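Subject: Structure handover

Hello,

Here is the structure for your files. Please open it alongside this note; the findings follow below.

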Amino acid sequence: MDLNVLIVDDSAAIRKILVRVLSQTDLPIKQVHEANDGSEALKIVEANDVSLILSDINMPNVDGLELLTQLRVSPKWKDLSVVMITTEGSQAKVLEAVQLGAKGYVRKPFTAEQIKEKVLACLKPAA
Amino acid sequence: MDQENIEAIVSKAAKDVFGTMLGLDIEVGASFIEKGSPAESQKVVALIGLAGQWIGTGVIGCRPEFACRIASLMLMAEYPAVNEDVLDAMAEMANMIFGSVKTELEEHLGALGLSIPTVIFGRNFATRSVGQQAWTVFPLKAGEDDMELKFCLMPNRDFQMHPRALRAHPLVLEHA
């Protein structure tokens, strides 16, 4: 199945890095969408058949945790794979993200390998 | 939490971010205390605020040529002059360095919030944080290039009265 990936980060630099990292994987990526914050992300999710989201937490307007909350209340998107990629490294934030349904968590600074590993793990069908 | 611990945390965070995101080994020189902020010559400066029971500001600043090199290494493209990508790369460097510092400090100082970074590119300007005098300055060196990283942190007296006031510390930009 071809993947529609959405990258959500208010930093254009991080979005560019993630686009490059994704292009280096063997994943069958159909399209990579980009959003500046959670609010833009929700509009893209609504208009496209997104299969994977890579999202920051600290963003203006709608942040990453609020985005997760809004996705989980929708029956249509509650199982959407979301990996958080963020400077937020405290146990409390990781726990909150996991409780809200994040399937992976990568702390900035990150290596390309860490991103690939988390994305592949999160797309792997449950045994 | 003493000054020595804070210095070790800041120094480690800077080395991690430069090493992981840019593949650059940096040397962190002996830190020193600076009171007030001298005028900057032509520089790219990124600032970020921390707020909670403690408040503070983190700053990274370097010559435009080094900022372009940072962006080139981070984004794997050539940047001969400062543009939006270069400013964004500097903002993200500040975000990652002081985001890591924040995570370490939270274990000792309680929950802290991090502001959205601000980047300034210009000449003959000074940055000043209202109510804060002493900065710990860390000189960083990456080959021929150098950068200054500054950090200040103090207890938030207002926090007791306004526990929900998790806002970034106000910064003033003035002409030198």
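In which helix of chain B does B:Glu84 lie? B:Glu84 lies in α3, residues 84–109. Helices here are DSSP runs of H or I with at least four residues, and strands are runs of E with at least two, numbered from the N terminus.

Some ground rules. This is a predicted model: local features need pLDDT of at least 70, side-chain atom pairs count only at pLDDT 80 or more, and totals for chains, interfaces and linings use all residues. Residues are numbered from 1 along each chain as its sequence is written, while chains are lettered from A and ligands numbered from 1 in the order in which they are written.

**Helix α3**

B:Glu84 counts as exposed because it has 11 C-beta neighbours inside 10 Å. From B:Glu84 to B:Leu109 is 25 residues in sequence and 35 Å in space, C-alpha to C-alpha.

**Core**

The largest nonpolar core has 80 residues. Such a core joins buried Ala, Val, Leu, Ile, Met, Phe, Trp, Tyr and Cys residues through C-beta atoms within 7 Å. Among the residues touching the most other members are B:Ala14, B:Met90 and B:Ile97. α3(B) gives the most to this core, 12 residues.

**Chain A side**

In chain B, 20 residues are in contact (C-beta atoms, placed from the backbone, within 7 Å) with 17 residues of chain A. α3(B) gives the most to that side of chain B, with 11 residues.

Best wishes

Technical notes. Buried ≥ 20, exposed ≤ 12 C-beta atoms within 10 Å, placed from the backbone. Contact = placed C-beta atoms within 7 Å.
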